[in-house]
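Take a moment with the sequence and the 3D view below. We will walk through the fold one part at a time.

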Amino acid sequence: MPTDDPTWSVDTAVVHLGRPPREPGHPLNVPIEAVSTYHAGGDFEYARDGTRGSQALEQALGGLEGGHAVSFASGMAAASALFDTVTTGGVVVAPRHAYTGVSVRARQLDQAGRIALRAIDITDTDAVADAARGASMVWVESPTNPMLEIADLATIAEIARANKAILVCDNTFATPLAQRPIESGADVVLHSATKMIGGHSDLLAGALVFADPDAAAEMVPRRTLLGGFPGALECYLALRGLRTLALRWRHAQSSAQILAERLATHPAIAKVRYPGLPDDPGYDLAQRTMAGPGTILAIEFVGGRSAAQALSDRVRLWVHATSLGGVESLLERRRRWSLESDLVPDDLVRMSVGIEDVEDLWADLVAALEPW
Ligand SMILES: Cc1ncc(COP(=O)(O)O)c(C=O)c1O
């Protein structure tokens with residue numbers, strides 16, 4: 001019996017990809033194998049090279065993104081392995097503000113002379129085209145964390161191709177439910193599976209999905225040497241979380257839309273960044289290129305930084321914590337992190353909408369914003 005089928009919709013694929021063969025006596029899920037080494041001479045030798053658990057997760061993520069996946073211990077391990085492929089002095093075009101860890105690491109590599117970083121505004125496609133001349137890698141995150149900017153992936157893919165540069169797209173915020181960057185011309189998709197894919201704030205994992213199977217095969221021995229291999233429990237939990245991704249995603253996205261609309265008219269809120277709002281700069285592009293604006297929004301305050309901090313301190317249902325993509329709604333003022341870009345407004349609070357009742361989430365926000 002087949003364990004996957006290219007005609008499946010994404011809602012079906014998240015449930016069924018990466019399962020063991022349908023044979024009598026086989027389990028429905030790839031079990032957690034606590035192992036570092038195997039009897040010699042078989043398909044598996046040492047767990048840092050690959051395990052049944054990592055392969056199951058890769059089969060699922062590769063199928064969902066339409067490519068060939070290599071799993072990692074975290075999104076940052078995946079990002080670091082990609083930076084490792086750039087030859088010394090190679091030009092990397094990257095968003096001026098993307099996920100802090102990626103931005104900071106790219107700057108460190110630039111300062112060390114390892115890469116030559118060109119930071120750009122990914123919404124300015126002309127600027128991307130200028131910066132891409134002579135580049136070996138163009139790195140895009142869309143929507144960006146935490147500014148929720150949207151990139152024109154198909155046009156940037158043409159620019160990258162014309163310059164023979166590899167196009168990387170961090171698809172953590174969008175997930176394959178909203179966009180499949182390989183279909184738009186990306187060479188590599190990056191995921192922090194820690195976020196929506198895992199979905200329960202209980203694991204760290206990452207993945208790279210390559211359009212080219214040979215590029216994926218080349219990444220495997222690099223991962224073995226760099227060492228960022230995902231643990232058995234993490235692979236299992238990421239795959240288990242993935243089974244409900246479509247349900248969680250649709251519920252959280254619908255709540256995010258409602259909350260964004262209500263926050264946009266709240267007197268304490270100066271600005272809402274969410275590509276599902278018609279006056280958002282990314283709205284038209286998101287409407288044309290994405291299957292939904294996602295589950296993350298960001299707000300700024302009439303009362304500035306102290307009002308932003310007060311919200312974080314006062315919420316009782318929303319959780320004041322970093323990260324995103326879990327079943328529980330989280331928020332935080334991003335600039336509380338010293339490494340966050342100073343291009344991010346000091347009072348910007350990023351909100352990751354979970355799957356609680358939207359009216360409970362709204363009531364908690366209204367109560368926490370009350371004095372304003
Ligand atoms: C967009 C994005 N990419 C990559 C990462 C890094 O992932 P991880 O925390 O799994 O290393 C994050 C983490 O927040 C992220 O938000």
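Into which domains is the chain divided? There is domain 1, residues 10-242, and domain 2, residues 245-369. Keep in mind that this is a predicted model. The centres of the two domains, taken over C-alpha atoms, are separated by 25 Å. Domain 1 brings 31 residues to the contact, and domain 2 brings 34. Look at the side of domain 1 that touches domain 2. Helix H1 (10-16), H4 and helix H7 (175-178) each give two or more residues to it. By class, this side of domain 1 has 16 nonpolar, 10 polar and five charged residues.

Now look inside. The largest nonpolar core has 114 residues. Val138, Leu167, Val168, Leu208 and Leu297 touch the most other members. Helix H10, residues 245-264, gives the most to this core: seven residues. Where does the core lie relative to the two domains? Domain 1 and domain 2 both contribute residues, so the core lies between them.

Pick out Val168 and follow its contacts. Leaving aside residues up to four places away in sequence, Val168 touches Leu82, Met137, Trp139, Val140, Ala186, Val188 and Leu190.

Val188 stands opposite Phe210 in E7. Strand E6 (residues 188-192) and E7 pair in the antiparallel sense over five bridges. E7 also pairs with strand E1 (residues 68-72), again antiparallel and over five bridges. In that pairing, Ser71 stands opposite Ala207 in E7.

Why is strand E7 described as largely enclosed by the rest of the structure? Five of the five residues of E7 (residues 206-210) are buried, so the strand is largely enclosed. Check both faces. On one side, Gly206, Leu208 and Phe210 are buried. On the other, Ala207 and Val209 are buried. Leu208 is also among the core residues that touch the most other members.

Next, find the ligand. How many residues surround the ligand? The answer is 15, and the closest are Ser74, Gly75, Met76, Ser192 and Thr194. Two helices each supply at least two residues of this shell: helix H3 (75-83) and helix H4 (100-111). H4 also gives two or more residues to the side of domain 1 that touches domain 2. The shell divides into five nonpolar, eight polar and two charged residues.

Move on to another sheet. This open sheet has five strands in the order E8-E9-E12-E11-E10, with mixed pairing. Which strands form its edges? They are strand E8 (269-273) and strand E10 (319-320), and each pairs on one side only. Further in, E11 and E12 pair in the antiparallel sense over four bridges. There, Leu331 stands opposite Met351 in E12.

Finish with helix H12, residues 304-314. Its buried residues include Ala307, Ala308, Gln309 and Leu311. Notice how they are spaced. An α-helix has 3.6 residues a turn, so residues three or four places apart point the same way. What do the buried residues of H12 pack against? Their partners are strand E9 (296-301), strand E11 (330-333), strand E12 (349-352) and helix H13 (358-369).

Note on methods
Residues numbered from 1 in each chain as written. Predicted model: local features only at pLDDT ≥ 70, side-chain atom pairs only at ≥ 80, totals over all residues. Buried ≥ 20, exposed ≤ 12 C-beta atoms within 10 Å, placed from the backbone. Pairing = 2+ DSSP bridges. Near = placed C-beta within 6 Å. Nonpolar A, V, L, I, M, F, W, Y, C, P; charged D, E, K, R; others polar. Contact = placed C-beta atoms within 7 Å. Core = buried A, V, L, I, M, F, W, Y, C linked by C-beta atoms within 7 Å. Domains from an automatic or database assignment.
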